[in-house]
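I kept them in the order in which I took up each topic.

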Amino acid sequence: MKQILTLLLLCISIQLSAGEISVGKDQSIHEALRQAREWRRTNDPRCDGGITISIKAGRYYMNEPLFLRPEDSGTSASPTIIRGEKGTVLCGDAMQKHNQVWPKEGMLRLTDFDLQKRTISIPTPPKQILGMKNLEMVVHQRWAIAILRVKNIEVKGDKAIVSFLEPESRLEFEHPWPQPVIGGEKGNSSFFLRTTEQRDGIEQLVVVDGASHITFEGITFENTCWNRPLHQGHVTLQGGFPIVDAYKLQKEGLPWDAGLENQAWIERPVSAVSVKNAKQVHFTRCNFRHLGATALDFVGGISYCSIADNSFEHIGGTAIMAGSFAESPREVHRPYDDLAQQCRHLTISGNTISHATTEDWGAVAISCGYVRDCTISGNTINHVNYSGICVGWGWTSHETGMENNHIINNKVSNYACQLYDAGGIYTLSNQPRSSIRDNNITQPYPAPYATNDRGFCIYLDAKTDGFTIQNNMTEGRLIRRNEIGDNHPGPNLVFKQ
């Protein structure tokens with residue numbers, strides 16, 4: 001009897017029609033998904049032709065993520081569409097607020113960086129800063145930032161020696177890349193001190209794990225937090241990937257790379273919306289805004305998916321991420337030949353990305369790691385603090401299965417706004433039968449605190465190979481070969497005017 005009453009109440013609260021479940025304001029999207037699952041479980045005829053969950057306009061607070069599991073899968077003949085009316089918002093908590101306390105604007109130069117004592121020396125701050133609690137130092141270090149929770153500030157005249165909490169102190173000083181530059185090409189690395197609102201909040205809105213033939217359409221995903229720096233600081237390898245363990249090798253070299261000098265294990269940044277172990281999952285005409293870390297992440301085990309005609313605004317980390325980045329327990333520098341198969345036939349097209357990387361300057365707009373048969377086309381990217389579109393991982397000339405990746409007809413402007421060693425389009429490793437063509441990329445932004453001049457429209461970083469590069473434009477003209485950044489590229493690059 002109790003089960004019958006529960007089902008009756010569910011049917012009252014969620015309007016049902018043939019193939020459609022309508023969710024009104026203050027009703028439960030989770031219950032609507034459960035109803036769709038029951039239709040599929042019982043082979044209800046309303047599944048014929050597909051199920052549409054229509055969400056009425058309004059704000060839906062997600063105090064737990066919406067989970068889509070294998071039992072929620074549609075089929076090619078009967079997909080599941082989760083569609084929002086104009087004004088449909090799935091939201092969590094607004095990201096934590098920061099208060100930059102010194103300097104009030106901009107950054108100051110570091111004066112020293114001590115590997116043995118694990119300290120950073122800076123000009124002595126004003127007295128009122130020294131007594132503040134929950135201070136963080138944000139450090140500019142070439143292609144990344146570090147967020148370090150301050151343990152102590154020892155004043156010695158006009159110099160202050162700053163020490164930090166664990167685990168970020170060990171990770172910052174034991175791992176050599178990246179670290180702050182002292183006395184570099186364009187001067188010392190820079191920093192500022194800030195306080196951050198000490199509260200955890202909602203980080204995830206939707207998790208698709210094992211569900212296939214799903215489409216999200218016309219939904220706004222808004223307001224998530226980024227809690228990790230409050231508890232562990234934030235020391236990254238590259239691209240916003242936090243280091244969980246790392247150290248410098250006492251003797252350089254490993255069998256796959258004679259010059260390798262460090263070991264590192266990373267974890268994936270949290271994302272507001274994540275997809276894994278799925279095929280035929282699509283996001284179209286959705287809006288992602290004011291999200292604390294990654295916005296949308298196609299993690300792995302995915303194929304024949306698409307991200308098309310969406311907008312991304314004010315994203316704390318990376319807007320769109322896809323493919324494995326050899327996260328822990330794997331060591332990140334090894335050449336793996338099984339990872340690219342886990343993310344294949346992904347299309348990223350027609351998206352607009354504006355003001356990503358607002359919290360983690362070392363993240364990017366579109367970031368693809370070990371991927372194959374991936375097409376990134378027709379996207380518009382504006383204002384990002386590091387690189388615009390990044391494809392590849394592994395720093396390797398080995399054939400790893402990364403291949404047939406195409407970066408076509410994208411527009412990238414106002415990139416490298418804070419960090420250099422960057423590109424409007426940035427690539428790593430050997431990717432046979434791939435191409436970079438018909439893109440329009442402005443010159444790198446004149447980043448005010450960059451410690452080198454390594455900013456390029458196109459940057460072929462470590463061991464990049466296998467690309468045909470053709471008909472890319474900057475400032476109304478073709479990009480010349482000598483304007484493309486090289487860092488030990490392979491022999492099989494083809495450059496065409």
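**Strand S13 and its partners**

I began at Ala 146, which stands opposite Val 235 in strand S19. The model I am reading is a predicted one. Looking along the rest of that pairing, I found that S13 and S19 (residues 234-235) run antiparallel and are joined by 2 bridges.

I then turned to strand S12 (residues 135-141), which is antiparallel to S13 and joined to it by 6 bridges. Within this pair I noted Val 138, whose bridge partner in S13 is Ile 147. The two strands form a hairpin with 2 residues between them, and Arg 142 in the turn has a positive phi of about 60 degrees.

For S13 and S14 I again recorded an antiparallel pairing, over 6 bridges, in which Asn 152 stands opposite Ser 163 of S14. This pair also forms a hairpin with 2 residues between the strands, and here the turn holds Gly 157, with a positive phi of about 65 degrees.

**The nonpolar core**

Which residues touch the most other members of the largest nonpolar core? I found Phe 216, Phe 221, Phe 283, Phe 288, Phe 298 and Trp 393, in a core of 138 residues. The largest share of this core, 7 residues, comes from strand S13 (residues 144-156).

I looked up the surroundings of Phe 298 and, leaving aside residues up to four places away in sequence, listed its contacts, among them Arg 268, Val 275, Val 281, Phe 283, Met 321 and Leu 346.

**Cysteines**

My search of the whole structure for disulfides returned 0.

**Backbone entries**

Most residues other than glycine have a negative phi, and most peptide bonds are trans, so I wrote down the exceptions that came up.

The peptide bond from Glu 166 to Pro 167 is cis, with omega near 15 degrees, and Pro 167 lies in the loop between strand S14 (159-164) and helix H4 (168-174). Another cis bond joins Trp 177 and Pro 178, with omega about -10 degrees; I placed Pro 178 in the loop between H4 and strand S15 (190-196).

Ala 326 has a positive phi, near 55 degrees, and sits in the loop between strand S27 (320-322) and strand S28 (343-349), where it counts as buried at 0% relative accessibility. For Ala 416 I also noted a positive phi near 55 degrees; its loop runs between strand S35 (411-413) and strand S36 (422-427), and Ala 416 is likewise buried, at 0%.

**A loop asparagine**

Is Asn 379 buried or exposed? I found it buried, at 0% relative accessibility, although its place is in the loop between strand S31 (375-377) and strand S32 (380-382). Not counting residues up to four places away in sequence, Asn 379 touches several residues, including Ile 348, Asn 351, Ile 366, Asn 409 and Lys 411.

How values were computed: Residues numbered from 1 in each chain as written. Predicted model: local features only at pLDDT ≥ 70, side-chain atom pairs only at ≥ 80, totals over all residues. Heavy atoms only, no water. Disulfide = S-S within 2.5 Å. Helix = DSSP H or I, 4+ residues; strand = E, 2+ residues; numbered from the N terminus. Buried < 20%, exposed > 50% of the residue type's maximum accessible area, 1.4 Å probe, protein only. Contact = heavy atoms within 4.5 Å. Core = buried A, V, L, I, M, F, W, Y, C linked by side-chain atoms within 4.5 Å. Pairing = 2+ DSSP bridges.
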